[in-house]
Amino acid sequence: MSRKKIKIQPYTKEKHTQQKKIYQEKMKKNTHSISNNLKYIIKEAWLSEKLFLISSILIILTETGENLAITYTNKYVIELALRNDSIVKLSIVCLMLIIFTKIFRWIKNSSLEYEDNVGVFKYNHHFMRKLIEKNITIDYENNEKTSVSNQLQKARNVTGYIMTTALRTMRKTATCVLNIFAYGGIVSILNPVLLPIVVLPAVAGYYINRHKMKWVWNMADNWQDFERQLQYIEQVGKDFSYAKDIRIFSMQRWFDNLFTRSFKNRLNWYEQQDLWEYKHDILELSIQGLGNFLAYAYVIYEVYLGSVGVSDFVLFVNAIQNLSSFVRSWCDNYSGYRWISENICYVRDYYDIKDSINHSIDKPIPHDNVEIEFRDVSYTYYKSNEPTIKNVSFKLHKGEKLALVGLNGAGKTTIIKLMCGLYSATSGEILIDGVPIDEYNREEYFQLFSTVFQDITTLPVTIAENISSSKSKDIDIQKVYDCLKKSGLYDKVMSLPNRENTLLGKSIFKDAVELSGGQLQKLALAKALYKDAPILLLDEPTSALDPIAEHEMYLNYAKFSEGKSSIFISHRLSSTRFCNRILLIEEGKIVEEGTHAELMSLNGKYAELFNIQSSYYNSKGVKDYEI
């Protein structure tokens, strides 16, 4: 069965105008010009690894020197063979040219080896380090914005690769320029008129190739669906999780038909692209060939007249060939600068994201127990239509144990993140001892809090280093033991072969261990206790614990929060009886406030939720069902 060919769509003037307008609008949005980005790349290369930049310069000079040495070696070898001059003199010249060729080649290859290994590694990781530093120091709130996430993803995709490509493209361009001047000078010795005869066809070849690629880019949207279909089929065919359904429901034929159909459709576009490129390649070859043919014909004519000898004939033919090749290479490299610059802008734009939080040193932060006040605070998440926290006002008194309770999505964790400085209030104020927290350096402000969040992370270091966030030589090991005991993880850690020196991160270290969810929660609590900050924030610290471990933690809660202000978030309302005061959060507002006894006597929403939960543990609340 023959496939219906899809007619090739020409790259019309309307399409060209539309693409040019889109490109111009895109260029206006770019924050850095091409020249500015290239200066930036050179500057960063010098800062990161001076030898990398020096090696690039050496490659430019030695590659040009090598090319010229080879070209002139060919000339003088022929003169030596024809004995046009003193054999000794010509032999010395040839020998010196061969030696220079070897030296240039050795320097070039050594520089390339250094660049490809040490230089590229250091250069790429210089930018990777900058990206990591920006990512871990940028305002936490920015990381949750989709616009910033998109910028980070773009920067991550091109960091390293695009920077190296930019430097290499500049190196290749500079090499082309030097060779164009060198070989252009040789050709002009014969006749300057030959320069446009050689150069213009090479430039025309570049534009022919550009027109060819515009059609390829223009047609990309037509075959993307077929490409995705083939990728999906390939993925499913390799994925063992689909194996049972494919066999049981006899889906093999269906997949075969789907693959055949998508393959034929994609092949159709490949065949058209091949035909389109073939026509352009023939035209490009013909024009460049015509230019070179005319130049060669002129050289042959000069040989016929006796104006050019055999050795000069070889020299000029090589010069014409090299000049044409380097002009075309220069055009190709030059056309890539726009794409390179746009990608560099992705990286630099992420580096340039401004933080709104105070990172300067202003007021000294109080290090004793403090009082924190929420004064009519509201918070709206990025691109959200409704605020999550609505005009919340309360105080966390010095040494108070405060509980936040409520259903999922009520805003409890958001309040914690606002309090410890990860978010900035959309409206209202958060104050420490009457001073707005924005007046304090945020990094110093973080030192007031020890936190345990729901999403617990560990680093691939020892248990002791995870708890202390310090290098092994700086760890107070007795304090580590004390925190492990308070968190209930001491017995488990002591049962491990390397005890507190056991590594975490099995994906990185083969002799590491993986802790369970409950053990990780205890580890996070031990880390918070080790920091020993004035304020303790616990966000669902028992969600992954079994009932016995949870009960033990409740009993210890009063001990490890002694002398500290603390906030305790839990869905299990029985845990709130350990706290001095309870705030019930509903739809971002405080709807009830008081002690456990006060709220139960109020017989409101808190009492309703408590009774519902307690019914699951009360035999009177359990019903028998017939099967």
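**A friendly note on the sheet, salt bridges, cysteines and pocket**

1. Let's begin with the sheet: 4 strands, in the order β2-β1-β4-β5, make up an open sheet with antiparallel pairing. Its edge strands, which each pair on one side only, are β2 (389–396) and β5 (435–436). Two strands pair here if DSSP finds at least two bridges between them. Helices (H or I, at least four residues) and strands (E, at least two) are DSSP runs, numbered from the N terminus.

2. A word on the model itself. It is predicted, so local features need pLDDT of at least 70 and side-chain atom pairs count only at pLDDT 80 or more, while totals for chains, interfaces and linings use all residues. Residues are numbered from 1 along each chain as its sequence is written, and side-chain values use heavy atoms, with hydrogens and water left out.

3. Back to the strands for a closer look. β1 (residues 372–379) pairs with β2 in the antiparallel sense over 5 bridges. Within this pairing, V377 has V392 in β2 as its bridge partner. R375 is partly exposed at 40% relative accessibility, and E373 is buried at 16%. (Buried means under 20% relative accessible area, exposed over 50%, and partly exposed in between, using a 1.4 Å probe and protein chains only.)

4. How many salt bridges does a search of the whole structure find? There are 19, counting a side-chain nitrogen of Lys or Arg within 4 Å of a carboxyl oxygen of Asp or Glu. One of them joins the side chains of E115 and R171, at 2.6 Å from N to O. E115 sits in helix α4 and R171 in helix α7 (residues 161–190), so this pair ties together parts that are 56 residues apart in sequence. Both ends are buried: E115 has 1% relative accessibility and R171 has 9%. A network of salt bridges links E115, D116, R168 and R171.

5. For a contrast, please look at K486 and D482. Their salt bridge has its closest N and O atoms 3.5 Å apart. Being 4 residues apart in helix α17 (residues 477–487), the two are separated by about one helical turn. K486 is partly exposed, with a relative accessible area of 33%, and D482 is partly exposed as well, at 37%.

6. The structure holds 0 disulfides, a disulfide being a pair of cysteine sulfur atoms within 2.5 Å. C331 is buried at 6% relative accessible area, and C345 is buried at 1%.

7. Finally, the largest pocket contains about 1600 Å³ of space. (A pocket is an open set of points on a 1 Å grid over the protein atoms alone, where a 1.4 Å probe fits, with protein on both sides within 12 Å along at least five of seven lines; lining residues have an atom within 4 Å of a point.) Its lining has 38 residues, with L422, T451, F453, T457 and K527 nearest the centre. Helix α19 gives the largest share of the lining, 6 residues. By type, the lining residues are 17 nonpolar, 13 polar and 8 charged.

Technical notes: Points joined across faces, edges and corners; volume = space filled by probe spheres on them. Nonpolar A, V, L, I, M, F, W, Y, C, P; charged D, E, K, R; others polar.
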